[in-house]
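Have a look at the picture first, then read on.

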Amino acid sequence: MNQESLSKLSTEELLKKHTAAKTMVWLLAIVLTGVLFFFIYVSIQDGLTPLLAVPLALSVIIPLNVKNMNALKKELDSRK
């Protein structure tokens, strides 16, 4: 989100978006970590599987969401 679109939102909407983004980042991190460990376990049992690439590839989403979350937090802090 760019700064201009964030400034059009109310403080309550920004707070809801920040809370939702924070929740989703944590859930995604937990799920990807679990999937990674599961695929490592499967690889140990049955041999190397290409599915190991899935959680690693999807982990790129986390820093992007953290950047978005920081922008929301910065806008919230500027309003106080």
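How much of the chain is helix over residues 48-66, and how far apart are the end C-alpha atoms? Keep in mind that this is a predicted model. Residues 48-66 come out as 63% helix and 0% strand, with their end C-alpha atoms 31 Å apart.

Where does that stretch come from? UniProt, in an unreviewed entry, places the feature "transmembrane region" at residues 24-42 and 48-66. Here are the two spans next to each other:

| Span | Helix | Strand | End C-alpha atoms apart |
|---|---|---|---|
| Residues 24-42 | 100% helix | 0% strand | 26 Å |
| Residues 48-66 | 63% helix | 0% strand | 31 Å |

Now zoom out to the whole chain.

What about the contacts? Take those between residues at least 6 apart in sequence: 71% of them join residues at least 24 apart.

Next up is the surface. Of the 80 residues, 22% count as buried. The chain exposes about 5,900 Å², and carbon and sulfur atoms supply 69% of that area.

Last, the charges: there are 9 positive and 6 negative side chains. The centres of these two sets lie 4 Å apart.

Terms used
Residues are numbered from 1 along each chain as its sequence is written. This is a predicted model: local features need pLDDT of at least 70, side-chain atom pairs count only at pLDDT 80 or more; totals for chains, interfaces and linings use all residues. Side-chain values use heavy atoms; hydrogens and water are left out. Buried means under 20% relative accessible area, exposed over 50%, partly exposed in between (1.4 Å probe, protein chains only). Contact means heavy atoms within 4.5 Å. Accessible areas come from the Shrake-Rupley method with a 1.4 Å probe; for residues, only the protein chains shown count as cover. Lys and Arg count as positive and Asp and Glu as negative; His and the chain ends are not counted. The place of a charge is taken as NZ of Lys, CZ of Arg, CG of Asp or CD of Glu. UniProt positions are given in the numbering used here, feature names are shortened, and annotations may be inferred rather than shown by experiment. Helices (H or I, at least four residues) and strands (E, at least two) are DSSP runs, numbered from the N terminus.
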